[in-house]
Amino acid sequence: MTVYEAVIGIETHIELATRSKMFCACAVGFGAEPNTDVCPVCLGLPGALPVPNVEAIEGIVRIGAALGCEVVEHSLFHRKNYFYPDLPKNYQISQYDVPLCINGHLDIVVDGETIGIGITRVHMEEDTGKSIHGSEGGRIHEADHSLLDFNRSGVPLVEVVSEPDIRTPDQARAYAVELQRVVRSLGVSDARLEAGSMRFDANVSVRPMGAMPYGTRTEVKNMNSLRSLHNAIAYEIARQTQVVSDGGIVVQETRHWNEAVRGTISMRSKEESEDYRYFQEPDLVPIEIDDAWRERVMASLPELPSVTRSRYTAAGVEPSSLANLIDDPAMAELLDGAMAAGAEARTVANWLAGEVVAYLRQEGRSVADTPLDATALADLGAMVGRGEVSASAAKDVLRGVLAGEGTPAEVADRRDLRRISDSSVLEAALDAVLSDHPDELARVRAGDPKPLGYLVGQVMKATGGRADPAMVSELLRGRATPPA
Amino acid sequence: MTGPATNDPADLTIAAAGAALRTGDLGAVELLDAVIARASVTEPHLHAYLTLDRPGSRDAAEAADRRFAAGEPSGPLDGIPVALKDNLCTRGVETTCSSQVLAGYIPPYDATAVTRMREAGAVLVGKTNLDEFAMGSSTENSGFGPSRNPWDTDRVPGGSSGGVAAAVSVGSALGGYGTDTGGSVRQPAALCGLVGMKPTYGLVSRYGLIAFASSLDQIGPLARTVGDAVDLLEAVAGFDPKDATSIRGDVPPMRRSLDTGVAGLRIGVVAELTGEGIAPAVAAGFRRTIDALAGAGADIVDVSLPTAPHAISVYYLIAPAECSANLARFDGVRYGLRVDAASTEEMMAATRAQGFGPEVIRRVLLGTYALSAGYYDAFYGQAQKVRTLMRRDFAAAYEQADVLVCPTSPTTAFTLGERTADPLTMYYSDVCTIPCNLTGDPAVSVPTGLDDHGLPISFQVMAPALGEEMLFRVAAEVERLSGFDARPALATSEVLAP
């Protein structure tokens, strides 16, 4: 039986969170009353002209640079012509054969393996308005009227096109997550799938494993969560594999993911013959990126998630802690601060990904709302290092700090969590334990080492975990020798 | 001169009217009234205007009078009644592009040129007729009926800015603004005996100019004298942050060399635009002007623009391609005409089929075809290449000459209906004007005399980009040498007398 592999490329649309729209001064905002953030330009009124938003160009250059793209010196806007009621000019200003950013890559990690996904291009365009079809059921074919809201019309939209380097639904999801991380780390978009500020289309085909030529692809749209992206691609791979296995032919078409039926559904088949009649936008001059400006943008880029990940891994952070740290810049900032103050990365990372995340989740707060800072983490790490608190007591200290009870030292004192290393106190505790366990003491004295651990544990228990176990062991060994 | 001039203020040049306004010999309202009175007599013959903004123009004239009374006039255009081609957006005043698809459309904003014109104190008399969406050379393609030529009302005023040319020529405005995509200011100016000028592409903001072909469109003045044209242009020229194609930096000095003359200048006669196809009377008029320029000390040189004969072919690929996208927005969804139908797509199709006239539909189809997959390289792509070659041709010619010259229009005004049956004949009307739109260079048409039918003959001067100073310097000398001061039959006292 032939085994098939999938070939997947993903087109991602990202709405930039600029102050104004791509080609006019209207605000980019969500939740405003319909058709209030509009002007002659984004309404496509006769005579209006577009003027490019430099902030948006900077946003796309940041994304392109973060994806390792070549940011080209001269780039062109084109008109993409098609008629649709929510496209006010009936053409979209986009980029065609000379996009701003080309030839990049994004590394993803799936099951511990790093896979490089090529980025074909990153280009700039404007978003459309929104159609709201009115009917009882809300379905397009039942609609008796449509409403148009142009608030979104002209919002800067970046399109990131991947190479067909993705092979599985898991890789597709990992790509989407990593791209979202990158975009968020750059601060250019909130990249929220559920809000539509990040949207994916997937080109999917199957071919016999090892074959060179690509199979016929379909374009899958309408996936507004990572789960639906994964499910839609998995469904489409299974569907196409079945079609090909049955000797059928995959039709090149656009298919919609339908969450309700958990399947992809063919859209208008005439779409495949659409001719957008691209030509250079005569209302705009070519985008010229001068070297100094580009260098300035590059220099302002934050550390990218993949770099942060490598750095933390090299510092000894456990893989299970990485996601929480890299996805939340505030967490990463705490870790970086503590590391700078000399704390051990692995211990602090475990606290952050463990106790701190659990506390925040339970309290419904963000880390910025707590008194926890890098100094506190570093101090606590130092206390553990000096043996002043045990590893388990340190977690209690951390909870006290998060709850606002003071510095680690103050919390350790108030909650009585400091390690007991006063030998007179420990000897008294040991004496009490030994008098309660004469049989075990006798066995030890007879040369049986087995009860040693049990006896140390009893001392720890008696001291609420605060005894220094090394000192207790030492003292116990002294008692194990029968009095001369 | 075909008849004695009147003493009517409507027959004054902008310079003369401005002088009278500043001395108080004339009031702005008085001047406006004279212009409106002229329109009321001539409009039934000409149909130059689509809309007269009576309340708006009166308010503007009264405001001008207050400034004069206070001794604070805004400049040379203050109080001057001006006509505007109806493809320039005017806030609150209907703007139609002479198309049924925009009938009743009232823009919510002023074009930048209109804002600047108003700030200069000019009084907007009204909006004038044009070939629908500026596509044509006779104003016969108007969706609201043609305009006529004040020199002979059986003839066209040219186009597409035929309405504004007829109005300025007859005195229902003292000056005006049109738009020039392939000669649409210069050719009607030529046919109506006016100075008409297309500035360097990007010198005047296109914001609020309802686009026909974005890479070619440029707003330009029509006036009775070169000096008046300079005043009109200076009021609106200069960088506009709302137009990404507008030129940053200083506006070239345009008035500085008007009296300098042409002694020692090299004037290049373009071989390809002065020979075959030029009517004998026009060719003779052109030759007289050349001789006069030589007599004034200019060095007349022969130059060649080998690509010039291809200009019409290039133009009729690029302009329709751009217009096919520019006019896509007229779909019945948000403004203008809507023809109801069963589905949105059918509504759009029906609206466009009914709202656009035949020439607009022809060009939208031509452009759609030229941009289609599989045809792009052969048509639009090729046209852009030839356009680049043409720019090189002109650059080479300007090595040999300071300005280039040829007739503006190959013929004088033709009769209504004469060219409507054959679009290609009509397209040929712009053979001498189109090249400068393709290169983006400035050009001006200056009237130099009349033919045997008493119709104006014109002379075109072209200069390199931002060479407006040189352009107007030569134009002013042509004006002086020709001594042209004829007035159209319809503007003479015999006709105007009650």
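This is a predicted model: local features need pLDDT of at least 70, side-chain atom pairs count only at pLDDT 80 or more; totals for chains, interfaces and linings use all residues.
**View 1. Helix H7 of chain A and its buried face.** H7(A) covers residues 329–340; helices (H or I, at least four residues) and strands (E, at least two) are DSSP runs, numbered from the N terminus. Its 12 residues reach 16 Å from first C-alpha to last, close to the 16 Å expected at 1.5 Å a residue (the expected span is 1.5 Å times one less than the number of residues). Look for A:Met331, A:Ala332, A:Leu334, A:Leu335, A:Ala338 and A:Met339, the buried residues of H7(A). Seen down the axis of H7(A), they fall within an arc of 155 degrees, so they line one face of the helix; the arc is that of the directions from the helix axis to the C-beta atoms. A residue is buried if 20 or more other C-beta atoms lie within 10 Å of its own, exposed if 12 or fewer, and partly exposed in between, with C-beta atoms placed from the backbone. The buried residues pack against H5 (305–314), H6 (319–327), H8 (345–363) and H9 (374–385) of chain A, where contact means C-beta atoms, placed from the backbone, within 7 Å. After the helix comes A:Gly342, with a positive phi near 100 degrees.

**View 2. Helix H10 of chain A and its packing partners.** H10(A) runs over residues 391–402, and its end C-alpha atoms are 17 Å apart, which agrees with the 16 Å that its 12 residues should span at 1.5 Å a residue. Buried here are A:Ala393, A:Ala394, A:Val397, A:Leu398, A:Val401 and A:Leu402. These residues pack against H8, H9 and H11 (408–414) of chain A. Just after the helix, A:Gly404 takes a positive phi of about 90 degrees.

**View 3. Helices H2 and H3 of chain B, packed together.** H2(B) (residues 28–46) and H3(B) (residues 54–69) pack at an angle of about 150 degrees, with axes 7 Å apart. Axes are lines fitted to C-alpha atoms, for helices over the stretch in contact, and angles run from 0 to 180 degrees between N-to-C directions. From H2(B), B:Ala28, B:Val29 and B:Leu32 meet residues of H3(B), including B:Ala61, B:Ala64 and B:Phe68.

View 4. With 14 C-beta neighbours inside 10 Å, A:Asn35 counts as partly exposed. A:Asp111 has 8 C-beta neighbours inside 10 Å and so counts as exposed.

**View 5. A cis peptide bond in chain B.** The bond joins B:Gly159 and B:Ser160, with omega about 10 degrees. B:Ser160 lies in the loop between strand E3 (123–128) and helix H5 (162–170) of chain B.

Methods: Residues are numbered from 1 along each chain as its sequence is written. Chains are lettered from A and ligands numbered from 1 in the order in which they are written. Two residues are in contact if their C-beta atoms, placed from the backbone, lie within 7 Å.
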